[in-house]
Protein chains: 2
Amino acid sequence: MVIDPPYLIFLGDVPDALAAKTGLGIVDWRPDWCLGQMRLEGCQADAGIPDLSIEAAAKAGVRTMVVGAANAGGVLPAHWIASIVAALDAGIAVATGLHVRLASIPEIRDAAARSGAKLHDVRFSDHRFDTGKGTRRPGLRCLTVGTDCSVGKKYTALALEREMRARGMNADFRATGQTGVFISGRGAAIDAVAADFISGAVEWIAPAAEPDHWDLVEGQGSLFHPSFAGVTLGLLHGAQADAFVVCHEPTRTTMRGVKHKLPSIREVIDMTIACGRLTNPAIACTGISVNTQKLGEAEAKTLLEGLASEYGVPATDPIRFGVSELVDRLETIGKKA
Amino acid sequence: MVIDPPYLIFLGDVPDALAAKTGLGIVDWRPDWCLGQMRLEGCQADAGIPDLSIEAAAKAGVRTMVVGAANAGGVLPAHWIASIVAALDAGIAVATGLHVRLASIPEIRDAAARSGAKLHDVRFSDHRFDTGKGTRRPGLRCLTVGTDCSVGKKYTALALEREMRARGMNADFRATGQTGVFISGRGAAIDAVAADFISGAVEWIAPAAEPDHWDLVEGQGSLFHPSFAGVTLGLLHGAQADAFVVCHEPTRTTMRGVKHKLPSIREVIDMTIACGRLTNPAIACTGISVNTQKLGEAEAKTLLEGLASEYGVPATDPIRFGVSELVDRLETIGKKA
């Protein structure tokens, strides 16, 4: 799936910033791509970029309107349809991560047919992937893995990309989830891919590259999550990770959505290496990324120092303390390769 | 997906028995369900059951015609359509594992609409599964795992079911692939399920049962296959296997479709236990099932004796030597439970 920037971020009339999380995330990580936002009356979210009408967006060169807001259940509110139709009529493609296909709504289907503008349903996978081959391909890859779902895997991969680019390194974030696809303009929500094609999809998402090029591959789930470990394993095999960073949320006691307790960081490192060496014998843990939001600054520092000394790799909170040391490690690997 | 027996097995005009493999497999394992076969002129396969016309099949009480033949590419030959339409017009459901949906062919869609007879596309998964929960459920489960794809996992699970039922044990084969679904009349091709729902689909396929009831769960792929390991892991977690049998083909040197060498049986046992204990801490290897077709009888016996002594569990070729000892082990586990 390839989504063309620049974007107009549609926030609808969501009641708070949380419901606009996707849109705000895109603006955070790709400010240059986001020419404006479109908000309906009553919208309680603000991405802090210019409000544009469809007409102004088209004039400014917007190529895709991303629906960066969601309501409960992932359905499309009827009163958002007119804005989508207007965008399509102006020749602007529309992308969403909703649970319904845009083309299942007759007015939208007709408008797309009229103008030829594209519809992107990121939650659905229409691309026909090959099965994974496991053949080593050139380029370097770092995968974010986790002790659980929702522990900062996407954020960490994006933070690594930003720091590496700032250092002039050749690096690309590779999206495996919906929001990530909007942020990178490319990728696939691998949880929606047919099970047989998980690793094959990742081989497509993070393809062969220059020997000094780093892919920062967005991880999903956890090898220890009873709902999603299959996705995580296929992702690990497809990524052929040279390096991985373990992401963790230290105050969580049970895994998201189930009653299982979190694995230790040690268990995650050991299992990731045991499984990952199938497609890359050189796989190594290069860092730990902790979401310390719920801890005080001193407490966070003590925790991170303890982890770094226990595991022999840098440990950081990307938001609080940056990812400089994590990138140092990747640079070292890159020089050896 | 639930497919109602009894069946009429449609073999079309396939050029050899291999192309009728699915149909012949159903007749092998469910002779009581297969009231007859339907063959077109030139058919070079024979399931050894009565040839029935659609009319005779309807009179005999057939509820589903299973397309048990495939040609290269999995498409439906145009000259098979008339037989499918005739079955539907007689009120008989039609089931296939082809790559095209039956309803995508206008004559078939119209005939199904006319009569109300059902269409089953086993290769497509329309059922909306929940995500796996990993919560322990009553009943006992034995999963077949493998050093590779196509090493006898379905056959072994079916042979275990047959032997257990012969002993009066409470046992059901649970299908996770196309042919298996036809044989059990229920199940899902889990390779076609969206990646997020692999373990959830297996929780549905092998549901809570009586404490002395055994599910014989058909395995898929291998934890060491770079294309399909994600499917295998989700299946292992969803099955919550109490017991597993390792299936192996001793003359194979590289894994099917890729260049990776086969893992050892020891590696498969260790990794299956390491991963499987997440949803069932009591998981244990209870046997080894070897396809010795390419070996002489004496050679096969020597190999199996060596494996049994090396791994401390019974080793057999189900086709040559039966699965009696494998079932003895499961009976012992059942008594302890």
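How many residues does the contact take from chain B, and how many from chain A? I looked this up first, bearing in mind that the model is predicted, and I found that 30 residues come from chain B and 30 residues from chain A.

I then asked which elements stand behind the chain B side, and noted that α7 (198–205) and α8 (229–239) of chain B each give two or more residues to the side that touches chain A. The largest share of that side, 6 residues, comes from α8(B). Sorting the side of chain B that touches chain A by class, I wrote down 14 nonpolar, 12 polar and 4 charged residues.

Next I turned to a pair of helices within chain A. Where they meet, α5(A) brings A:Leu160, A:Glu163 and A:Met164, while α12(A) brings A:Ser324, A:Leu326 and A:Val327. By class, this contact has 4 nonpolar, 1 polar and 1 charged residues.

Last, I looked up the largest nonpolar core, which has 218 residues, and saw that A:Cys142 and B:Cys142 have the most contacts inside it. Leaving aside residues up to four places away in sequence, A:Cys142 touches several residues, among them A:Trp214, A:Phe244 and A:Leu330. A:Leu160, which I had already noted in α5(A) at the meeting with α12(A), is also one of the residues that A:Cys142 touches.

Key: Residues are numbered from 1 along each chain as its sequence is written. Chains are lettered from A and ligands numbered from 1 in the order in which they are written. This is a predicted model: local features need pLDDT of at least 70, side-chain atom pairs count only at pLDDT 80 or more; totals for chains, interfaces and linings use all residues. Two residues are in contact if their C-beta atoms, placed from the backbone, lie within 7 Å. Helices (H or I, at least four residues) and strands (E, at least two) are DSSP runs, numbered from the N terminus. Ala, Val, Leu, Ile, Met, Phe, Trp, Tyr, Cys and Pro count as nonpolar, Asp, Glu, Lys and Arg as charged, and the others, Gly among them, as polar. A nonpolar core is a set of buried Ala, Val, Leu, Ile, Met, Phe, Trp, Tyr and Cys residues joined through C-beta atoms within 7 Å. A residue is buried if 20 or more other C-beta atoms lie within 10 Å of its own, exposed if 12 or fewer, and partly exposed in between; C-beta atoms are placed from the backbone.
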